[in-house]
Amino acid sequence: MRPFTYERAKSAQDAAVKAATTPGARFIAGGTNLLDLMKLEIETPTHLIDVNGLGMDRIEPIDGGGLRIGALVRNTDLAADARVRKDYGVLTRALVAGASGQLRNKATTAGNLLQRTRCPYFYDVNMPCNKRKPGSGCAAIGGFSRQLGVIGTSDACIATHPSDMAVAMRVLDASVETIRPDGTTRAIPIADFHTLPGQTPHVETALEKGEMIISVALPKPRGGTHIYRKVRDRASYAFALVSVAAVIGKDGKGAVALGGVAPKPWRVEGADALLPNGSKAVADRLFAGAAPREDNAFKLTLAQRTIAAVLAEAKA
Amino acid sequence: MTEGYGAISRRDVLKTSAAGAAIAGSLGPGNVAMAQGQADAPPHAAVTLKVNGESTRLELDTRTTLLDALREHVKLTGTKKGCDHGQCGACTVIVNGRRINSCLTLAVMHEGDEVTTIEGLGSPDNLHPMQAAFVEHDGYQCGYCTPGQICSAVAVLEEIRAGVPSHVTADVSKPSPMTTTEMRERMSGNICRCGAYSNIAEAMAQVAGVKA
């Protein structure tokens, strides 16, 4: 790990200003992903801004319905919150499908959104990777791509976003609330929060320099059956090959998003409308324009079958 | 010869080899900053940890993980370093009542925190019920993952009692039942290469007072 200086932020705006003005600065909250990457020298910050003392660790009701989740709410606490379990079950389900108990106790809401891909070529510093070293190439294309993306990818990067939580937030139409160094705040719809790689795969979010997540807002509960179905190589503590987050009403209408297939939680609003038509119609719409590789073409079939299982569960 | 050899612990042997490696390493170009002395010393920071009830003030290289602080500075070597990347769970300790991977957190981020390690759970003369159950059920073979397994197991039972849901909880709107299925799922962050899992599950069931 490279040496770095360390400070505890005094306020959210203070943290944003420091992040914008200190060269090589990064925020640290749970640290479970950042420290892993620092040990491998994939991330090499020279200054860490510890935001853990800033509060932002409560889940509060929003006037008119909905919940505001502080950026520092730990994954365990978010999953266990009685209101989340009752009204946003898909979110609890997604959270407990991810990582291990130890990691969920430390990992934060904002950090979960900002975690980096687990593409093996991003992790191997001896390999070219446009995300880790812009312009160096992509070893994953033509490499072992079983875990990697089938849609939303580019000829520069086929990495997936590894989060389960974010897939549930996408189906719930959450918005990511931030503060900028000048003190202004904004709400970014989660649909626009993560960006597609294009020719700049090192750019992963809509965040500006120094901009910091302060909370995530969930709109008022919409009822329905909440399901998160994750398919992986072992029964626990593994990243998704494919996951399906769905909220489906008694009339068969609802919303669906996929994890494990794209550089961001994958939802196509036009596919939601096809839910009453069955899994094939939904999957065909979600995967229009897909660019699978030989190793991961199975994800298209697997996703359709997982959607079918979810629809059957919703009907039962 | 046997007596003389017996006086040297495995730890001493490891220390000697580490020193040898350090001398060899100092000849290489990677240690220039160290040779130049204090001016280029890596940044340090102070932190006070409350480890097993005892406050300890440490002056640490900011890069020091909680795991390394416990082992190398507080000299509590019960907590083990396995993968050092949060994948194996050998480094699990309980901080402010919750289990975490001590390898994936910086010591300086834990000002004032209460840390419980395997040494704080029980002692050879006064075993924690979970330690006693691991002994009774052979919940280990080589023992390397055991401190992490036991810290995790103790915290898992608390998590179920506190109503934290898991991936195998059928209805997340209700409290999770105290079952071996729940315990097994929640222990998935602790890997045992010897494969003592079924005995660990039996030990946990005994402490929880349920049928294995």
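1. Of the area that chain A buries against chain B, 22% is supplied by A:Lys39, A:Arg85 and A:Gln102, more than by any other three residues.

2. This is a predicted model, in which local features need pLDDT of at least 70 and side-chain atom pairs count only at pLDDT 80 or more, while totals for chains, interfaces and linings use all residues. Residues are numbered from 1 along each chain as its sequence is written, chains are lettered from A and ligands numbered from 1 in the order in which they are written, and side-chain values use heavy atoms, with hydrogens and water left out.

3. The contact (heavy atoms within 4.5 Å) takes 39 residues from chain A and 42 residues from chain B.

4. Two salt bridges are found across the interface of chain A and chain B, a salt bridge being a side-chain nitrogen of Lys or Arg within 4 Å of a carboxyl oxygen of Asp or Glu. One of them joins B:Asp84 to A:Lys39, with the closest N and O atoms 2.9 Å apart.

5. Between chain A and chain B, 23 residue pairs are in polar contact (both at pLDDT 80 or more). A polar contact is a pair of N or O atoms within 3.5 Å; within protein, one must be able to donate a hydrogen and the other to accept it, and residues adjacent in sequence count only if both atoms are side-chain atoms.

6. The side of chain A that touches chain B divides into 16 nonpolar, 12 polar and 11 charged residues. Here Ala, Val, Leu, Ile, Met, Phe, Trp, Tyr, Cys and Pro count as nonpolar, Asp, Glu, Lys and Arg as charged, and the others, Gly among them, as polar.

7. Within chain A, the domain assignment (automatic or from a database) gives domain 1 (5-50), domain 2 (59-114 + 160-218) and domain 3 (227-315). The C-alpha centres of domain 1 and domain 2 of chain A lie 19 Å apart. Their contact takes 11 residues from domain 1 of chain A and 16 residues from domain 2 of chain A.

8. Domain 1 and domain 2 of chain A bury about 960 Å² between them, and carbon and sulfur atoms give 73% of that area. A:Gln13, A:Ala20 and A:Thr32 supply 37% of what domain 1 of chain A buries against domain 2 of chain A, more than any other three residues.

9. Across the interface of domain 1 and domain 2 of chain A there are zero salt bridges and one residue pair in polar contact (both at pLDDT 80 or more).

Conventions: Buried area is the accessible area (1.4 Å probe) that two parts lose on being put together, summed over both.
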